[in-house]
Amino acid sequence: MLKKDNLKLGLLLGFLAPLLSVIIYYFYKFYPTFGIGDFFLFLGQNKTQISAISVPCLLLNIALFTIYINAHKDKTAKGIFVVTLIYAIASLALKFIL
């Protein structure tokens, strides 16, 4: 399935990779101290943490994008790129709105 060149696969991978990164970041940095609700409350109160979390999340997408570009799976890479842009714009918007 991961060897297919498919825009939908790229969109799915681009969407899931940052979510996986947030979960890993939560367990690495905050887990026994903060519950998941407290973690999101902390993010809402500390705007700088939104940037601190979004950068590692988007790095995983960049790695996936590079892998698929090098494998000449351009449709999948395009899907990953589109979702990466959406995540980046959303994180900037959240930083200024909150």
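Reader: Where is Leu7 found?

Author: Leu7 is in helix H1. Keep in mind that this is a predicted model.

Reader: Thanks! And why does Leu7 count as partly exposed?

Author: Its relative accessibility is 37%, and partly exposed covers the range between the buried cut-off of under 20% and the exposed cut-off of over 50%. So Leu7 falls in that middle class.

Reader: Which residues form the nonpolar patch on the surface?

Author: Leu7 is one of them, together with Leu11, Val82 and Ile86.

Reader: Nice. Which helices supply at least two residues of that patch each?

Author: That would be helix H1, spanning 7-29, and helix H4, spanning 74-97.

Reader: Switching topic: what about Ser21, buried or exposed?

Author: Ser21 counts as buried, because its relative accessibility is 10% and the cut-off for buried is under 20%. Ser21 also has its place in helix H1.

Reader: What is Ser21 in contact with, leaving aside neighbours within four places in sequence?

Author: Pro56, Cys57 and Leu60 are the residues in contact with Ser21 on that basis.

Reader: Last one, Leu19. Where is Leu19 found, and what is its relative accessible area?

Author: Leu19 is found in helix H1. Its relative accessible area is 37%, so Leu19 is partly exposed.

Reader: And what separates the C-alpha atoms of Leu19 and Leu43?

Author: A distance of 15 Å, with the two residues lying 24 residues apart along the chain.

Note on methods:
Residues numbered from 1 in each chain as written. Predicted model: local features only at pLDDT ≥ 70, side-chain atom pairs only at ≥ 80, totals over all residues. Heavy atoms only, no water. Patch = residues over 30% accessible without salt bridge, like charges linked within 9 Å, V, L, I, M, F, W, Y side chains within 5 Å. Areas by Shrake-Rupley, 256 points an atom, 1.4 Å probe, with all protein chains shown as cover. Salt bridge = Lys/Arg side-chain N within 4 Å of Asp/Glu carboxyl O. Helix = DSSP H or I, 4+ residues; strand = E, 2+ residues; numbered from the N terminus. Buried < 20%, exposed > 50% of the residue type's maximum accessible area, 1.4 Å probe, protein only. Contact = heavy atoms within 4.5 Å.
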